[in-house]
Amino acid sequence: MKFIENEDDDIDKYQCKYEEIIGKGGYSKCYKVEKVKERKVYAGKVCSFTTKGVVKNIENEIKIHSELDHKNIIKMEEIIRCKSKIFIIMELAEKGNLIEYLKKEKRIEEGKCIKIMKEIFEGVKYLHDKFIIHRDLKLSNILLSENDDIKICDFGFSANIQYPQQLKNDLVGTPNYIAPEILKAQGHSFPADIWSCGVMFYTLLYGKAPFESQTVKETYINIKNLKYNFPSNISVSSDCKELISNILSLSPSDRPTINHILAHKLFK
């Protein structure tokens with residue numbers, strides 16, 4: 001990991017050539033970036049300092065992400081700190097994110113879905129073993145490499161905990177994927193990530209998020225009341241439905257741990 005300090009906002013001096021935009025966030029844009037000397041293409045995330053809160057999020061993301069090294073997590077290569085921006089140079093996942101992939105495929109065949117979820121769970125296990133909660137696991141934050149390898153990205157909402165029983169209390173996440181204990185302000189930890197993985201599992205298999213409704217308010221009511229079903233017109237094995245049902249338990253203590261999930265017969 002290289003950290004470079006620069007007094008202005010000119011990234012061209014580092015021989016980085018911008019290509020097309022590949023993603024947008026609340027305070028950032030992501031581009032394909034070619035490092036001319038290396039003749040290699042990366043993902044370049046440009047983060048602008050708009051408020052103190054944004055700066056805190058960016059610094060938190062860099063602190064956590066820069067220390068990660070796992071085959072199912074996007075690799076951070078270089079940080080260039082400028083006057084009013086930070087440029088984060090990362091490994092490029094050529095095939096984009098899973099939400100785009102799902103839109104093309106409509107739904108994912110079960111065998112392929114199990115492979116995808118196994119790699120997601122392995123990446124999440126690595127995070128949890130390092131006492132990191134991702135807190136924004138969703139299909140748009142799961143990328144596909146050229147070889148169809150899964151890469152987890154975007155650690156802006158991630159948090160370190162000091163011990164397994166420690167709970168975080170801030171409201172974070174994305175409506176369709178947010179765990180009920182976060183909505184109810186009961187404190188949250190690793191099981192909130194497990195819940196989000198269960199939502200992704202269901203969404204890939206059925207082509208639609210389990211609690212999705214016409215409004216965010218209705219979606220939150222569905223989550224709090226565990227209101228969802230398994231459509232009968234789509235064939236999914238009882239093993240998949242059973243695991244998803246166990247993961248989508250209202251009580252965090254009733255959800256399987258990441259180790260229990262990876263030991264499930266589906267992933268063997």
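Analyst: Let's start with a helix pair. Helix α3 (residues 110-129) packs against helix α5 (residues 190-206) at about 165 degrees, and their axes are 10 Å apart. This is a predicted model, so local features need pLDDT of at least 70 and side-chain atom pairs pLDDT 80 or more, while totals for chains, interfaces and linings use all residues. Residues are numbered from 1 along each chain as its sequence is written, and side-chain values use heavy atoms, leaving out hydrogens and water.

User: Why are α3 and α5 called roughly antiparallel?

Analyst: Angles over 145 degrees count as roughly antiparallel. The pair packs at about 165 degrees, so α3 and α5 get that label. α3 passes α5 in a right-handed crossing, meaning the near helix is turned clockwise from the far one by less than a right angle.

User: What makes up the contact of α3 with α5, by residue class?

Analyst: The residues divide into 13 nonpolar, one polar and two charged. Asp, Glu, Lys and Arg count as charged.

User: Now histidine 134: why is it called buried?

Analyst: Buried means under 20% relative accessible area (1.4 Å probe, protein chains only). Histidine 134 has 0%, so it counts as buried.

User: How do you know which backbone atoms its side chain has polar contacts with?

Analyst: The cut-off is a pair of N or O atoms within 3.5 Å, one able to donate a hydrogen and the other to accept it. From a polar atom of the histidine 134 side chain, the backbone nitrogen of leucine 137 lies 3.4 Å away and the backbone oxygen of cysteine 153 lies 3.0 Å away, so both pairs fall within 3.5 Å.

Key: Buried means under 20% relative accessible area, exposed over 50%, partly exposed in between (1.4 Å probe, protein chains only). Axes are lines fitted to C-alpha atoms, for helices over the stretch in contact, and angles run from 0 to 180 degrees between N-to-C directions. Helices (H or I, at least four residues) and strands (E, at least two) are DSSP runs, numbered from the N terminus. Angles under 35 degrees count as roughly parallel, over 145 as roughly antiparallel, 65 to 115 as roughly perpendicular and the rest as oblique.
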